[in-house]
Each structure stands twice: as structure tokens, then as C-alpha cells.
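Student: Hi! I'd like to get to know this structure a bit. Can we go through it together?
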Amino acid sequence: MKGFFSILKRFVPPYKKYLFLNIFFNILTAFLTLFSFALIIPILEMLFKIREANYTFMHLGDGSLKDVAFNNFYYYTQELINNYGSVATLAILAIALVILTAFKTGTAFLSSYYIIPMRSGIVRDIRNYVYQKITALPIGFFTRERKGDVMARMSGDVAEIENSIMASLDMMFKNPVMIVVCLTMMIFISWQLTIFVFILLPIAGGVMGNVGKRLRRTSLEGQTQWGILMSTIEETLGGLRIIKAFTAEKKMNYRFENENQVFYRISNKVARRQSLAHPMSEFLGTTAIAIILWFGGSLILSGVSSLNAADFIYYMVIFYSIINPAKDLSKAGYAIQKGLAAMERVDKILNAVNPITEPVEPKKLPTNSSSAIGVTFENVSFSYDGCVDVLHNINLDIKPGTTVALVGQSGSGKSTLADLIPRFYDPQSGVVKVGGIDVKELSIRSLRALMGNVNQEAILFNDTIFNNIAFGVEGATLDQVRAAAQIANADEFIMATESGYDTVIGDRGCRLSGGQRQRISIARAILKNPAILILDEATSALDSESEALVQQALDRLMQNRTTLIIAHRLSTIRRADIICVIHDGAIVEAGTHEQLLQPDAVGYYRRLVEMQSLGE
């Protein structure tokens with residue numbers, strides 16, 4: 001149970017008040033249970049003539065605490081019989097039993113009442129922590145992990161934590177209290193018999209614990225397989241057009257069915273092992289009762305113990321009241337093992353180390369975000385895996401307000417170079433500077449606030465057009481959003497939609513054409529008014545008419561900004577101040593369009609132009 005208490009230590013502190021109230025009412029419930037059971041003794045011994053004796057009131061000090069308590073209990077019962085008769089006394093005791101039971105059930109309800117906010121709150125906090133961690137982790141983390149598996153950890157695994165660990169919280173705090181209080185009373189009644197009980201309980205607990213450990217391992221396998229299933233579903237939904245186009249339905253069905261069959265087998269193992277909890281705990285509990293009946297009865301019959309028959313019956317009633325909490329505790333232990341397996345997978349996200357760290361004392365840029373800022377690469381090298389360099393010794397100085405274009409073959413490192421500016425990744429060696437300051441010395445938030453990105457794939461959200469354009473800009477007004485859309489050549493088609501700027505555009509903007517999506521992403525960048533603009537193949541996926549409209553919008557956006565353009569279509573970068581040709585992760589040529597076409601130039605750019613002209 002070490003993992004369980006570790007989870008409590010991490011997540012319970014904000015809910016200490018609820019925990020203390022829960023424990024307080026659990027203790028009251030346990031004591032009220034004992035007192036209600038105690039009414040059995042006078043009914044057996046006095047009302048039904050099992051014991052006939054005269055009792056006198058005893059003061060503390062006249063005997064042991066046990067003797068005083070039992071004697072005075074019998075004394076008051078005897079007084080009731082003498083004054084009101086046996087039938088009336090039985091009615092009084094029955095009413096007392098009802099009252100005690102009412103208090104007991106009331107305190108039991110209150111204990112559950114106060115544990116619910118803690119249970120729900122911890123699950124809410126775990127979801128928040130996972131989501132915050134996902135948004136904080138670098139992009140590189142998600143290139144190594146399956147997106148579907150990450151979704152499975154945040155949904156299925158967190159749900160498993162809620163259904164197992166959190167659902168067992170009440171039992172984990174209530175049942176131990178009941179067991180401890182009952183055991184204390186059992187020691188009070190007969191310490192010899194209770195020592196024997198202490199020998200039996202650890203044996204039963206050891207058997208249950210051994211089965212629970214194996215359940216945790218199997219549950220971890222099941223949660224991992226569920227992540228694989230979620231990944232397949234995510235890939236299928238994302239690539240449904242290709243699956244249908246290549247008539248690969250059977251192949252994908254076969255793949256999913258095989259993975260689902262593996263999950264089916266693991267789920268059966270987990271469910272069967274978990275279903276073993278109740279019958280095993282019942283068998284072990286009944287065995288323990290039988291052994292104690294034999295052992296305690298032999299002590300009484302042989303006259304070795306001072307325990308009488310009525311005390312022994314009360315003892316057995318108390319011991320039996322431990323059995324159900326022990327059963328629930330064992331079932332909770334099984335459920336918690338499943339939850340701990342899920343928590344292990346969630347912790348892989350929560351405990352992931354973010355290599356993109358904030359500086360202790362971040363520096364501030366001397367200019368505001370609306371002014372053009374220069375970018376410098378000094379001897380920059382970068383590798384995704386730490387073995388093969390994607391960029392080699394890059395030196396590039398982008399002056400404020402200039403436009404620099406990166407061209408080259410696919411996979412040459414153009415997009416990677418651009419990703420180093422907003423610190424999506426950090427280089428292995430060298431320095432990237434913005435405004436003359438190392439990006440590692442700037443706060444990540446202030447650094448990225450300077451950036452505006454327009455990518456080949458316009459990343460939009462299932463929200464209104466207004467909210468997509470105003471994304472990341474707090475307090476934007478409709479006039480500001482519309483002005484940005486007008487500059488981006490988007491206002492006309494937006495106003496033609498059913499609800500204008502309040503139109504919901506669907507998942508990833510699926511209700512819009514490619515050119516319309518791109519112009520909304522440009523309007524988003526215009527509204528942000530960034531100092532540094534990064535255009536990554538912003539027009540490569542568009543038709544000629546859409547490209548002309550988008551290019552016109554981009555030209556307006558690029559005015560008075562430091563711009564880095566990544567492009568395959570050379571027609572889009574002819575007017576760039578500097579064109580850098582990247583080949584195998586290194587800048588092999590740099591200059592204007594006219595300079596790079598000169599006969600004395602290295603020739604990489606000239607060959608790219610000739611190949612594109614030939615293709616056209």
C-alpha cells in the first residue's frame with residue numbers, strides 16, 4: 001500500500017479538513033456500533049435469566065475499568081427491570097438500540113458526505129495537472145509518444161484512478177478505524193483470545209496481498225494495451241480519407257480486432273482475479289470465525305478462561321463486525337492495485353522532465369513586441385536523438401525588419417531551424433539570440449509573445465471564427481478582429497457564412513476550404529501583431545486563386561516585421577532580402593535572388609530554380 005499512501009501524500013493536503021472530518025465521524029460510527037452491540041449482553045444475561053445477580057453501583061477505583069463499566073451497565077439494567085419490569089426494560093433497550101443505530105447511521109453518512117469532495121477534488125486536480133503538463137511539455141515529447149496513448153492516459157487511466165483508488169477512499173479510512181476499535185474492545189474482553197486473532201489475521205492478509213500484487217501487474221498490461229487501442233482509433237479517425245481511398249478497411253479492421261482481442265484476454269484475467277476478492281475474503285473470514293469458535297469455546301468449556309458464555313457471544317459479535325470491513329478492505333485493496341497501475345502510466349506524463357526550462361532571472365528586451373527584432377544563430381547545431389545532427393554549425397544574422405527565406409530539399413532542416421527561435425527545441429550547441437539576447441535567458445512566455453506563426457497546415461479549433469482569430473489575444477474586440485480579417489482578405493467570405501464571425505467552423509476548421517482556413521490563420525497572426533513572423537510553407541497547399549489571395553495577405557502582414565519564410569515555391573520568396581539554401585543541415589549558399597543566379601554562385605539555388613522551371 002506504499003503507492004496508495006504516496007498518492008494521498010501528493011494530492012490530499014488541500015483537502016485536510018474533509019479528511020479529518022471523515023476520520024472523526026468514522027471513529028464515532030465505530031464506537032456507536034460497539035455500544036449498540038453491548039445491549040445484547042443484558043438482554044441475554046438478565047432478561048432471559050442467564051445470569052441472576054444483584055449489582056451495586058461501583059465508583060472508579062473500586063475495581064478495574066472493565067469491571068466498573070460492566071458492573072454499572074448491569075446495575076442500571078437491573079434498576080430498570082426492578083422499577084418498570086422486564087417487558088418495559090426490553091422496550092427501553094430496543095428504543096435505545098434504535099436511537100444508537102440512528103446516530104450510527106447518521107455519523108456513517110456524514111463520514112461519506114465529507115469524503116466525497118476530497119475524492120472528486122483529487123480526480124479533478126489530477127486531470128488539471130496532466131493537462132497542464134501536456135501543454136507545458138515540449139513538442140519533442142509528443143514525437144516520441146503516441147497521441148492516442150497520451151489521450152488514453154488522460155481519459156481511461158484517470159477514470160480508472162477515480163473508479164478504483166478514489167472510490168476506495170471511504171473504505172480505506174472507515175474500515176481500519178472500525179477494525180482497530182473492535183480489536184481494542186476484543187482485547188478489553190479477552191486478551192488471550194485476541195492474541196490468537198492477531199495470529200490469524202496477518203496470514204489471511206498475506207494471502208490477499210499476494211493475489212493483489214499480481215493483479216497490479218496484469219492491470220498495467222491492460223492499461224498499456226488500452227493506450228494502443230486508443231492510438232489505433234485516433235489514427236483511423238485522422239486517416240479515414242486515406243483508408244477509404246486505398247480500400248484498406250479490411251487491413252485496419254484486422255489490425256484493430258487483433259489489438260482488441262489482446263485487450264479482451266487481459267481484461268478477462270484482471271476481472272477474474274478481481275472477482276476472486278469477495279469469495280476468498282469470505283472463505284478466509286469464515287475459516288477464522290470457525291477457528292476462533294473452536295478455540296474460544298474450548299477455553300470456556302475447560303475453565304481456563306474467565307470468559308463466560310454471554311461475553312463470548314458478545315466477543316464473537318464484535319469479531320463478526322470486523323469481517324465485513326475486512327472484506328471491503330480486501331476488495332478495496334484489489335481495486336487500488338488496478339488504480340496504482342493506472343497511476344504509474346499517468347505519472348509517466350506528470351514526472352516527465354521538461355528540458356525547456358525557464359531562466360532563474362529572465363532578461364527583458366529593450367523593445368516592445370510591435371517593433372521589429374533581429375534574430376541571430378551563432379554556431380548552432382541540433383539533433384533530435386543526440387546522435388545524428390539535423391543542423392550543423394548554422395551561422396545566420398537576420399536584421400530587424402528584414403525578410404529571410406529558407407529553401408532546400410525536404411528534410412534538409414528548414415523547419416527545425418525555425419523551431420529553435422521560439423524554443424520548441426533547444427540546440428545541442430551554439431546560441432540562438434533574439435534582440436541580441438540568448439533565448440534561454442528570456443522567459444518562454446515573453447519570447448513566444450514576440451512570434452507569429454503561419455504554417456502549411458492551418459491549425460484551427462472547433463470554435464467560432466471570432467475566437468479562432470482572437471486566439472491568444474486577450475480582450476480583442478469585434479472591430480479589431482474584423483480589421484485583421486480584412487487585411488487577411490478573409491472578411492468577405494466570413495460575412496457570407498451563416499452567422500458571420502460567430503460561425504462555428506468544426507473540427508480543425510473542416511467546414512472551410514484550405515484557402516479560407518489559411519486566411520483565418522493569417523488574420524490571427526495579424527491581430528497578434530508579432531515582432532517576428534515565421535511562415536512555414538504557408539501557400540504550398542493552395543490552388544492558384546487562393547494562393548494569390550493568401551500571398552497578398554502575407555505581403556501586408558510582413559510589412560515592418562522580421563520575417564523568416566520557409567518555402568518550396570521559389571516564386572514566393574523572390575523579393576526576400578536574403579535567401580539561404582540549406583542542404584543536409586548546413587547553409588551552403590546565401591544571397592538575394594539575383595546574386596544566387598549569377599554564374600559565379602555556388603549553384604545550389606540555381607539548380608533548384610532550373611528544376612522547378614522544368615517541372616512547371
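Student: Is Glu378 buried or exposed, or something in between?

Tutor: Glu378 is partly exposed, because its relative accessible area is 31%. Buried means under 20% relative accessible area, exposed means over 50%, and partly exposed is in between, using a 1.4 Å probe and protein chains only. Before we go on, this is a predicted model, where local features need pLDDT of at least 70, side-chain atom pairs count only at pLDDT 80 or more, and totals for chains, interfaces and linings use all residues. Residues are numbered from 1 along each chain as its sequence is written, and side-chain values use heavy atoms, with hydrogens and water left out.

Student: Thanks! Which residue does Glu378 meet in a salt bridge?

Tutor: Its partner is Lys433, at 3.4 Å from N to O. This pair links distant parts of the chain, with Lys433 in strand β4 and Glu378 in strand β1, 55 residues apart. A salt bridge here is a side-chain nitrogen of Lys or Arg within 4 Å of a carboxyl oxygen of Asp or Glu. Helices (H or I, at least four residues) and strands (E, at least two) are DSSP runs, numbered from the N terminus. Lys433 counts as partly exposed, because its relative accessibility is 23%.

Student: How many salt bridges does the structure hold?

Tutor: There are nine salt bridges in the structure. One of them joins Asp157 and Arg345, whose closest N and O atoms are 2.7 Å apart. That pair also links distant parts of the chain: Asp157 sits in helix α7 (residues 147–163) and Arg345 in helix α13 (residues 309–350), 188 residues apart.

Student: And why does Asp157 count as buried?

Tutor: Asp157 counts as buried because its relative accessibility is 0%. Arg345 is buried too, with a relative accessible area of 2%.

Student: Let's switch to rings. How many aromatic pairs are there in the whole structure?

Tutor: A search of the whole structure turns up nine aromatic pairs. Phe109 and Tyr113 make a tilted one, with 5.8 Å centre to centre and 45° between the planes. For these pairs, rings of Phe, Tyr and Trp (its six-membered ring) must have centres within 6.5 Å; planes under 30 degrees apart count as stacked, over 60 as edge-to-face and the rest as tilted.

Student: Where do Phe109 and Tyr113 lie?

Tutor: Both are in helix α5 (residues 86–136), four residues apart, which is about one turn of the helix. Phe109 is exposed, with a relative accessible area of 51%, and Tyr113 is partly exposed at 47% relative accessibility. Ring pairs also link Phe24, Phe25, Phe109, Tyr113 and Tyr114 into a cluster.

Student: Which residue's side chain makes a polar contact with Ser111?

Tutor: That would be Asn26, whose side chain contacts the side chain of Ser111 at 3.2 Å. A polar contact is a pair of N or O atoms within 3.5 Å; within protein, one must be able to donate a hydrogen and the other to accept it, and residues adjacent in sequence count only if both atoms are side-chain atoms. Asn26 belongs to helix α2 (residues 16–38) and is buried, at 2% relative accessibility.

Student: OK, what about strand β1? What is the phi of Asn379?

Tutor: Asn379 has a positive phi of about 50°, although it is not a glycine. Asn379 lies in strand β1 and counts as partly exposed, because its relative accessibility is 43%. Arg423 has a positive phi as well, about 65°, and is not a glycine either. Arg423 is found in the loop between α14 and β4, and it is buried, with a relative accessible area of 2%.

Student: One more. How far apart are the C-alpha atoms of Ser443 and Lys363?

Tutor: They are separated by 7.4 Å, while the two residues are 80 residues apart along the chain. Ser443 is in the loop between β5 (437–438) and α15 (444–449). Ser443 counts as buried because its relative accessible area is 18%.
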